[in-house]
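Subject: Structure for your review

Dear colleague,

Please find below the structure that I am handing over to you. My findings follow directly after it.

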Amino acid sequence: MFCIKTSVAYFNYLRFVCLFPQPSYRRLLVIILISFFISITWVSVAAGLNSNASYNITQLYPYKLCWFTRDVIYYFLTIPVGVFLFLNILTFILVAHRIINHARRATSPHQSYERMKQCVTILLLSSATQGIGWLFGPFLTFISSEAGNILGWVFVIFNGLEGLWVILLYIVIRSLRMDKQKHRVAAEHLTKSTEQISHKYGKYFEGDNENEDIVT
């Protein structure tokens, strides 16, 4: 999961920060495949070592699932998670800085630009809250069970906000579409009114030309 998220973050870095040339989705697919092979290789190493009971890789905790022992959890969870979190945070800062600067330059009073700024804000908040919970993951390996339960609740709350951000983003996008529809209807009405006025005055001027011809 962390490999895939890091791959997508790197692709977004190429897309929103480097800009030119724009990365192809084929590159994204290649990066995701590389991430998959890295992940499956490390899982295979853990499974291979776990086949020998003398290594004491995992143990069955009471009323819990089978999990890594404290002696090896640093190698299979804390260190990999810490590395991927660092890469994700670094990429997030670079991409967020670029997107925020782009949104700030959109100084037009048009409503669509305001909606775009709202979408950017919601996406950044969503990304931040989804990452905050995982920052506590490495600490769960050496803190007490009471503190672990508290951090576990923090993790659940922050990750549970994903639905809230999705709903808010849907509302903003829906409002943006409604604004575009209103502008389109107003433009069609204005065009129709202009055509009617032009047609009316066109007939008026044609009548004046005919009267001038009769007088002549």
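Trp 42, Phe 68 and Phe 76 are joined into a cluster by ring pairs. Rings of Phe, Tyr and Trp (its six-membered ring) count as a pair if their centres lie within 6.5 Å; planes under 30 degrees apart are called stacked, over 60 edge-to-face, and the rest tilted. Please note that this is a predicted model, in which local features need pLDDT of at least 70 and side-chain atom pairs count only at pLDDT 80 or more, while totals for chains, interfaces and linings use all residues. Residues are numbered from 1 along each chain as its sequence is written, and side-chain values use heavy atoms, with hydrogens and water left out.

In total, the structure holds 5 aromatic pairs. One of them is formed by Phe 11 and Tyr 25, a tilted pair with 5.7 Å centre to centre and 35° between the planes. Because Phe 11 belongs to helix α1 (residues 2-18) and Tyr 25 to helix α2 (residues 25-50), this pair ties together parts that are 14 residues apart in sequence. Helices (H or I, at least four residues) and strands (E, at least two) are DSSP runs, numbered from the N terminus. Phe 11 is buried, with a relative accessible area of 3%, whereas Tyr 25 is exposed at 55%. Here buried means under 20% relative accessible area, exposed over 50%, and partly exposed in between (1.4 Å probe, protein chains only). Phe 36 and Phe 37 form an edge-to-face pair, with 5.6 Å centre to centre and 70° between the planes. Of these two, Phe 36 is partly exposed at 46% and Phe 37 is exposed at 51%.

As to the overall fold, the protein chain contains 6 helices and 2 strands, which follow the pattern α-α-β-β-α-α-α-α along the sequence. Buried residues account for 22% of the 216 residues.

The UniProt record, an unreviewed entry, places the feature "transmembrane region" at residues 28-53, 73-100, 120-144 and 150-173. UniProt positions are given in the numbering used here, feature names are shortened, and annotations may be inferred rather than shown by experiment. In the model, residues 73-100 are 100% helix and 0% strand, with end C-alpha atoms 38 Å apart. For residues 150-173, the end C-alpha atoms lie 35 Å apart, and the span is 96% helix and 0% strand.

A nonpolar surface patch consists of Tyr 74, Tyr 75, Ile 79, Val 83, Phe 86, Leu 87, Leu 90 and Leu 94, with about 750 Å² of accessible area together. Nonpolar side chains (Val, Leu, Ile, Met, Phe, Trp, Tyr) are joined into a patch within 5 Å, like charges within 9 Å, using residues with over 30% relative accessible area and no salt bridge. A salt bridge is a side-chain nitrogen of Lys or Arg within 4 Å of a carboxyl oxygen of Asp or Glu. Accessible areas come from the Shrake-Rupley method with a 1.4 Å probe; for residues, only the protein chains shown count as cover. Leu 94 sits in helix α3 (residues 73-105) and is partly exposed, at 36%.

Gly 160 belongs to helix α5 (residues 145-160) and is exposed, at 51%. Its C-alpha atom is separated by 8.6 Å from that of Gln 130, 30 residues apart along the chain.

Yours sincerely
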